[in-house]
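Please keep the sequence and the structure at hand while reading its points.

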Amino acid sequence: MTVVSRPSTRTEPTAGGRVGDSAIRPDGVPKVRGEFAFAGDLWSEGMLWGATLRSPHASAIVRSIDIGPALAIPGVHAVLTAADLVGRNRYGLEHRDQPVFVEDVVRYSGEPIAAIAADHPDTARRARDAIVVDYEVTPPLTDPDVAIDAPAIHPDGNLFRQLVVKRGDPTTRGPVVVEGTYEIGMQDQAFMGPEAGLAIPADDGGVDLIVSTQWLHNDRDQVAEVLGLPPDKVRLTLGGVGGAFGAREDVSLHIHSCLLALHTGRPVKMVYSRRESFLGHVHRHPARIWMRHSAEPDGTIVSFETRIVLDGGAYRSSSFHVTANAACFAAGPYRVPNALVEAYGVRTNNPPCGAMRGFGAVQVAFAHEAQMDRLADACGVDRVELRLHNALASGDELLTGQRIEGSLPVAEVIRACMALPEPPPAVDDVLARPGGAGNTTDASSVRREVGFAVGFKNLMYAEGYDDDSVARCRLEDGVATITCAAAEVGQGFVTVAQQFARTILGVDDVFVDPADTSIGSAGSTSASRQTMVSGGAVEAACRAVAARVLEYVAETHGMDPEALTLTDGRIQSSDGRVDAVIASVAPGIVFEAEEEFHHRVTHPLDADGQGDAHVSFACAAHRAVVDVDPELGLVRVVHIATAQDVGRVLNPLQCLGQIEGGIAQGVGLATMEELLVDEGRILNPSFTDYLIPTALDAPTVAAAYIEEPEPGAPFGAKGVGEPPTISSTPAVVAAIRAATGRPLTRVPVRPDDVAGLT
Amino acid sequence: MSEQVVNEQYVLRVNGEAREVHDAWVGESLLYVLRERLGLPGAKGGCEQGECGTCSVLVDGALVCACLVLAAAVTDTEIVTLEGLQPDERGALSIVQQAFVEEGAVQCGFCTPGLVMAVEDLLARDAAPDDLTVREAVSGNLCRCTGYGRVLAAIERAVGATNEAAR
Amino acid sequence: MLAGGTDVMVGVNEGHRRPTEVVTLTGVEELRRTRVERVDGHEVLVIGAGVTYTALAAPEVAGRVPALAIAARTVGSPQIRNAGTIGGNLGTASPAGDTLPVLHALDARVEVVGPAGSRVLPVREFVTGPKRTALAPGELIAAVHVPVLRGPQDYLKVGVRNAMVIAVASVALVVDLDRRELAVGLGAVGPVPLGAPDACRWLAHRLHWDDDTVRLTDPGDAARFGTLVAEASRPIDDHRGRAEYRRHAVGVLAARALRRATS
């Protein structure tokens, strides 16, 4: 079976662009021409369409499943349930706690019961609707606080993690005390390109899967286990990805489509509708957070206590780690001598939650920044000054006792952010005012206020995880090819990989191969880690190739390689005998190197949550200017100024794009984004009612970059994707509080809350 | 459960060419037919509800969501997709496409085809739109990656380049 | 029966509607035309059911029925406005439909054709419940007859974001300088679009009317009017908004619309 895809995701070289340049992304041209192949664009001769039957109930026992009526529909080729699995009916990102198909117990609304393959997507849907399932509906466990002590709804119990972080003497208290309880609703990653994949049965009894994902190898392992196949018989290739933001870290249609392909002997394409996408991937953990800060009258933080409850939904995904992140970064980027953190990641019958950009730090930042404003007001200290006064710096200790060895320029991001100019007054046009196209608000109804917030989190994975990536560099006649399994999801890794190769080798033409499992794992595109880990592997591979070129030239000239330098594509010897361009110095010779990158060792947290658990950190500050219509409770986020700790700007244009995109997601969480869940069911699984910002909602952004190189990171650069999502939300809400006087302890804020009706 | 009838046969005029559609189900959207029957996957399926704009195409010169158009109902129209913006495969990028690439307005690229169509449509009707007019004109094109900053910068660049070219 | 498809096709794509036969109306020219009639010495704009929101926002309609043009501009996106039609908005009869409060306030009439011939009935009788109309089987909406009034008009709609929202609450206000009357239409705060005749009658007597303008005699009347209009609303709680907020919002929108009309 041949796969006839549109021109592949293989990226073309672009002219110029070294580290520090705003290099144009190599897949930009295919994307603007509509020629870039997203996973959903693939097509294959003889292809069938897959569909999934999902439980509407959040908690139920399945008494029986009758697939007969579905099989009777002409054009239906397969209907598979748990009964059809030969391998293990279990999958999961780290811990295989989730069934591929429900056997008997339904634990969330949307849980897969069966998969169908048919010759037309509508036939597959009709077959799905024809399956008769006898559910015995049971009361769902939906309150995470209750779930902690409630009877287990899963053999692994209801607690994904309970983590305590204890520092100093938490009973110490300063004279000024501020306490509050905060809530964060369920945000969704809402990437534009719904889940899609094409599974093709192979002649060797294995399967080839082209799929949009964040981590090819982890997916491959899970698929292989369920299929009962050795890993080398399950080959994954990255199909073009329409955004991820954490939602593609877990498998979705991968196993279902491969099962259908192997069962029918035909290629099977699965593309989720938007509704199924909302049901079919993990979401951001909703949280309930109590915090109590105490301080000296001058604002010096004395103590910090918090209880954090994260609703992880029905299955584990990455809840274990989100809980740790929330705990470790709960106090924000400030020095805290005494602290007690209790963090719970809890299983309920709500939709499963997992990775979303910001990963636990987003939730606690909303709380700690609200607290810092209140603490400043209680001390009679300026809100920005309070933060500067307590700001962490390199050499300080975190809540977990870890000393910050790398860079963390908190004071610098605060000052740089505040130094950015404020925006001009609003244009006198109803479209520019809160309510926008709804024509609701006149100039006299608007109050403009400013809010400020700072946040930070870790980069890379933590707690002793030996993270790694591998990359290959091949150089022939001045053309370099980079091979790495790092998933490009829009963030621009492929551009940075080219920039590294151009800078190190001094060539202009750099191809980046499609990502697949034929090379070793690059790990997940998450945790702001690809720049360091896969970037580190690319850098190492390019440097290894450079060294081999110099060795070759040295040998052919009877010289010591140490006498040669490679600068900007020119190989020169100290005695002047060699002066050649790398592109022509070894015609027809292939230089190749494959290198692995590991970051430095980290350690687990002990029983008091103490330990050297994190690799690296990044911080950012945000100042939000918001126009509020207090009477109607409507909001227009006008402008956000930000300064971010980036280590080194690899690509100014891409860096700005990541910052603007992350800020938009933060604005969304502040003002409009929430999956409403009632008795475990999502009420608004559509773009009609899960609202994300439009162009009329997006603020203008002014950004400043603080470049303090990070040791151990390629070119000193830090991943930039997450910090923009962390303190943007609290900055916006702080401005709305200033405009209305309302406490606004929950995000997203609703017009009711802003207008003071709740 | 009634059987799905797949015997629709009709001709669509797409990007200046007559394209035949065979053995189709009457309920197929224009988006489905373009992508799955006519080999034109430029328009994307982001929501199938008209909320995201990733499927934007021109039907008789009007920008519409192809997911909300019944393919069999537009047989007497001129349909233009992103692929039709350039008459030949090796053609240069349009001013709008070039601006999107150069201003970093493309990240994952899923919203890009629909956005480019919307911007081409806007600039064909209004050569010098102000910021608010632009924002409203693309308010039906959701983007999750860029936060619209570089998109608006690209449109500004395209406006400048278009007016430059017109002189 | 398919015109713009912006409501119907959503159901088809989801698999809720499985058409076997479709009659498309977009090629029916008369449905896309707008003409002016004189009825008993008054102007009436007869808008074909197939007229799109984009066309409603154009000068031919905007010059005569400004509230309809304003409402049309609040709908969705350019893509939706180019396809969606006034007939579709009436036929779907969503409580949040954007043209409906305007048509209600103007006491527009819906012309319906069917096998038994054609009939005209008030919009206020045409929309009978949430997503329910008085259309009999085999009938089509042919046109909407909209009185052309002299005086300020407006439409305001609340949603959680600044574009592309389904109304959480909306208010249309139309002023008739000749009859010295005004009317409101309320959207998304009842099973059907609602009026507030008592509030409007109360206010009309308190306004200062000239040939070409109408003014508040007491600035506090705007808020009072808002409260009375809010009392006429019958909102429910749903995932888009709570009743208490919707009632509050309607009052605020009515007061603002009035201030704009009288300034």
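1. Helices (H or I, at least four residues) and strands (E, at least two) are DSSP runs, numbered from the N terminus. Two strands pair if DSSP finds at least two bridges between them.

2. The model is predicted: local features need pLDDT of at least 70 and side-chain atom pairs count only at pLDDT 80 or more, while totals for chains, interfaces and linings use all residues. Residues are numbered from 1 along each chain as its sequence is written, and chains are lettered from A and ligands numbered from 1 in the order in which they are written.

3. In chain B, strand E1 (residues 6-14) and strand E2 (residues 17-25) run antiparallel and are joined by seven bridges. B:Tyr10 has B:Val21 of E2(B) as its bridge partner. The two strands form a hairpin with two residues between them, and B:Asn15 in the turn has a positive phi of about 50°.

4. Chain A has an open sheet of three strands in the order E6-E4-E8, with antiparallel pairing. Strand E6 (105-106) and strand E8 (132-137) are its edge strands, each pairing on one side only. Strand E4 (residues 60-66) is joined to E8(A) by six bridges, and A:Ile65 has A:Val133 as its bridge partner in E8(A).

5. Which chain contributes 57 residues to the contact, and which 47? Chain A contributes 57 and chain B 47, where contact means that C-beta atoms, placed from the backbone, lie within 7 Å. On the side of chain A that touches chain B, helix H14 (652-671) is among the helices that each supply at least two residues; H14(A) gives the most, with eight residues.

Terms used: Contact = placed C-beta atoms within 7 Å.
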